[in-house]
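Please look over the sequence and the structure shown here before reading the briefing that follows. The points are grouped by topic, so that each can be checked against the model.

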Amino acid sequence: MFAIFLTSGLFLGWSLGANDAANVFGTAVGTRMISFRKAAIFCGIFVIFGAVISGAGAAQTLGELGAVNAIAGAFVVALAAAVTVYWLTVLGYPVSTTQAIVGAIIGWDLFSGALIDFGALEKIVLSWFIAWVRHDYPFPVRATLHFLDGPRPAIYDLTQLVMLAWAAI
C-alpha cells in the first residue's frame with residue numbers, strides 16, 4: 001500500500017524535473033553547449049544536493065502552513081501539485097512548483113478542516129511578491145520606465161495571477 005502512496009511523490013519529482021530542469025539548462029542545451037544527457041545528470045545531482053543541504057528551511061515553512069498529517073493527505077497534496085506542474089509544463093506555461101504545492105496544501109487543509117497558518121501563508125506569498133518585484137524592477141528608475149522595455153507576454157502575468165489565486169484559495 002505504501003508503494004501506491006509513494007507514486008504521487010515520484011510523479012511530483014518527475015514533474016519538477018521536467019519543469020525546472022528546462023529552466024536551468026534549457027538555454028545551454030538549446031545552444032548545444034552541453035548535451036541533454038549531461039544536463040539531466042548534472043541537474044539530478046544538484047537537485048539532490050540542494051534538497052539535502054538547503055531544503056530544510058522551505059520544508060519547515062511548508063510544514064507550518066498547514067497540517068497534512070495523514071498518508072492519504074500527503075498522497076493527494078503531492079498528486080495535485082504534480083498534475084498542476086505537469087499539465088502546465090506540457091502546455092508550455094511558466095509554472096512554479098512552490099505555488100502548486102502551497103495551493104495543494106491549502107486545498108487539503110480546507111478539505112480536511114485543518115487550520116491554515118495565515119502567518120506562514122503571508123510569509124510565503126510575500127516572498128513571491130518580493131521576488132516578482134525584484135525581478136521586474138531591480139532599480140527605481142527602471143520601475144518608472146518599465147514601459148520602454150516593451151510588453152511582456154500577457155500569458156506570463158495571467159499565469160502568475162492564476163497561481164497566486166490558486167494558492168490563496
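**Briefing on a predicted helical model**

Of the contacts in the protein with a separation of 6 or more, 73% are accounted for by residues 24 or more positions apart. The model is a predicted one, and it contains 7 helices and 0 strands, which read along the sequence as α-α-α-α-α-α-α.

**Confidence**

- The average pLDDT of the protein is 76, and 77% of the residues score at least 70.
- Over residues 137-149 the pLDDT stays under 50, and for this stretch the model has 8 contacts beyond four places in sequence.
- Where pLDDT is low, the predicted coordinates should not be read in detail.

**Surface and burial**

- The protein has 169 residues, of which 25% count as buried.
- Its accessible surface comes to about 11100 Å², and carbon and sulfur atoms hold 74% of that area.

**Nonpolar cores**

- The largest nonpolar core has 20 residues, and those that touch the most other members are Leu-12, Leu-65, Val-77, Ala-81, Ile-101, Val-102 and Ile-106.
- At least two residues of this core come from each of helix 3 (71-91), helix 4 (97-112) and helix 5 (118-136), and helix 4 gives the most, with 7 residues.
- Apart from this core there is a second, separate one of 5 residues, among them Phe-25, Ala-28, Ile-34 and Ala-39.

**Aromatic pairs**

- The protein has 6 aromatic pairs, one of which joins Phe-11 and Tyr-86 in a tilted arrangement, with 5.8 Å from centre to centre and 55° between the planes.
- This pair links distant parts of the chain, since Phe-11 belongs to helix 1 (residues 2-30) and Tyr-86 to helix 3, 75 residues apart.
- Both partners count as partly exposed, Phe-11 because its relative accessibility is 23% and Tyr-86 because its relative accessibility is 36%.
- Trp-108 and Phe-111 form another pair, which counts as tilted because the ring planes meet at 45°, with the centres 5.5 Å apart.
- Trp-108 and Phe-111 are 3 residues apart in helix 4, so about one helical turn separates them.

**Ser-15 and its surroundings**

- Ser-15 lies in helix 1, and at 1% relative accessibility it counts as buried.
- Leaving aside residues up to four places away in sequence, Ser-15 touches Ala-82, Val-85 and Tyr-86.
- A polar atom of the Ser-15 side chain lies 3.3 Å from the backbone oxygen of Ala-82.

Notes:
Residues are numbered from 1 along each chain as its sequence is written. This is a predicted model: local features need pLDDT of at least 70, side-chain atom pairs count only at pLDDT 80 or more; totals for chains, interfaces and linings use all residues. Side-chain values use heavy atoms; hydrogens and water are left out. Helices (H or I, at least four residues) and strands (E, at least two) are DSSP runs, numbered from the N terminus. Buried means under 20% relative accessible area, exposed over 50%, partly exposed in between (1.4 Å probe, protein chains only). Contact means heavy atoms within 4.5 Å. Accessible areas come from the Shrake-Rupley method with a 1.4 Å probe; for residues, only the protein chains shown count as cover. A nonpolar core is a set of buried Ala, Val, Leu, Ile, Met, Phe, Trp, Tyr and Cys residues joined through side-chain atoms within 4.5 Å. Rings of Phe, Tyr and Trp (its six-membered ring) pair if their centres lie within 6.5 Å; planes under 30 degrees apart count as stacked, over 60 as edge-to-face and the rest as tilted. pLDDT is the predictor's confidence in each residue, from 0 to 100. A polar contact is a pair of N or O atoms within 3.5 Å; within protein, one must be able to donate a hydrogen and the other to accept it, and residues adjacent in sequence count only if both atoms are side-chain atoms.
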